[in-house]
Amino acid sequence: MAFIDDSFRKILASGATDLILDLRNNPGGDNSFSDPMIAWFATRPFRFTACFTLKASAATKADYARQRAAGAPIDPSFAGQMDAEARAPNGTRYKYDLPLVQPHGEPRFHGRVWALINRHSYSNATSVAALIQDYGFGKVIGEETAD
């Protein structure tokens, strides 16, 4: 996450006291980007979600096998998801426990955080806003999202 780390180093060097995350018109993504970003201003450990349920399938197992065979680096959390998928019979739902994400060590951002949302904030963008609000990491401003 060199991009995120470099960006926050620049934010800190600028002396910024407020951080505005513009999540408006954002289609989402996944927490492999948002968790490291939030860690820079989190004041306590957090999770992307309290409960995450997946449905096992042959297609997913085949894709995970392809990724492993390709030899690309696999994030430890994602490797855990791959293992949980492998253990679950196809067609069954299984709970996957997401690990707690620890706040970034010093230096880290200590200023105020504002998350801007609108009716076109979707998927992970809405999850990021909810996480910021639920954990008290900042304020959410805007209109209700579609999610």
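Accessible area here comes from the Shrake-Rupley method with a 1.4 Å probe. On that basis, the protein's accessible surface comes to about 8,700 Å². Carbon and sulfur atoms account for 54% of that surface. Keep in mind that this is a predicted model.

Now the overall picture. The protein has 147 residues, and 30% of them count as buried. Along its principal axes, the C-alpha atoms fill a box of roughly 50 × 35 × 25 Å. There are five helices and five strands. In sequence order they read α-β-α-β-α-α-β-β-α-β.

How far apart in sequence are the residues that touch? Take contacts between residues at least 6 apart in sequence. Of these, 82% join residues at least 24 apart.

Let's go to helix α3, residues 58-70. That is 13 residues. From first C-alpha to last, α3 reaches 18 Å, close to the 18 Å expected at 1.5 Å a residue. Then comes glycine 71, with a positive phi near 75°.

Next, helix α4, residues 76-87. It has 12 residues and spans 17 Å between its first and last C-alpha.

Which residues of α4 are buried? They are Gln81, Met82, Ala84 and Glu85. Why do they sit on the same side of α4? Because they cover an arc of only 165° around the axis. An α-helix has 3.6 residues a turn, so residues three or four places apart point the same way.

What does that buried side pack against? The buried residues of α4 pack against strand β2 (53-55), helix α3 and strand β3 (93-95). Look at the other face, turned away from the buried side. There you find the exposed residues Pro76, Ala86 and Arg87. Exposed means over 50% relative accessible area, and buried means under 20%.

Last stop, the strands β4 and β5. Strand β4 covers residues 112-117, and strand β5 covers 139-142. They run parallel, joined by four bridges. Leucine 116 stands opposite isoleucine 141 in β5. How does the chain get from β4 to β5? It crosses through helix α5, residues 124-134. This β-α-β crossover is right-handed.

To recap two points while you have the structure up. On α4, find Met82 among the buried residues, and Arg87 among the exposed ones on the face turned away. Then follow the chain from β4 through α5 to β5.

Conventions: Residues numbered from 1 in each chain as written. Predicted model: local features only at pLDDT ≥ 70, side-chain atom pairs only at ≥ 80, totals over all residues. Heavy atoms only, no water. Pairing = 2+ DSSP bridges. Helix = DSSP H or I, 4+ residues; strand = E, 2+ residues; numbered from the N terminus. Right-handed = clockwise from strand over helix to strand, strands pointing away. Expected span 1.5 Å × (residues − 1). Buried < 20%, exposed > 50% of the residue type's maximum accessible area, 1.4 Å probe, protein only. Contact = heavy atoms within 4.5 Å. Arc of directions from axis to C-beta.
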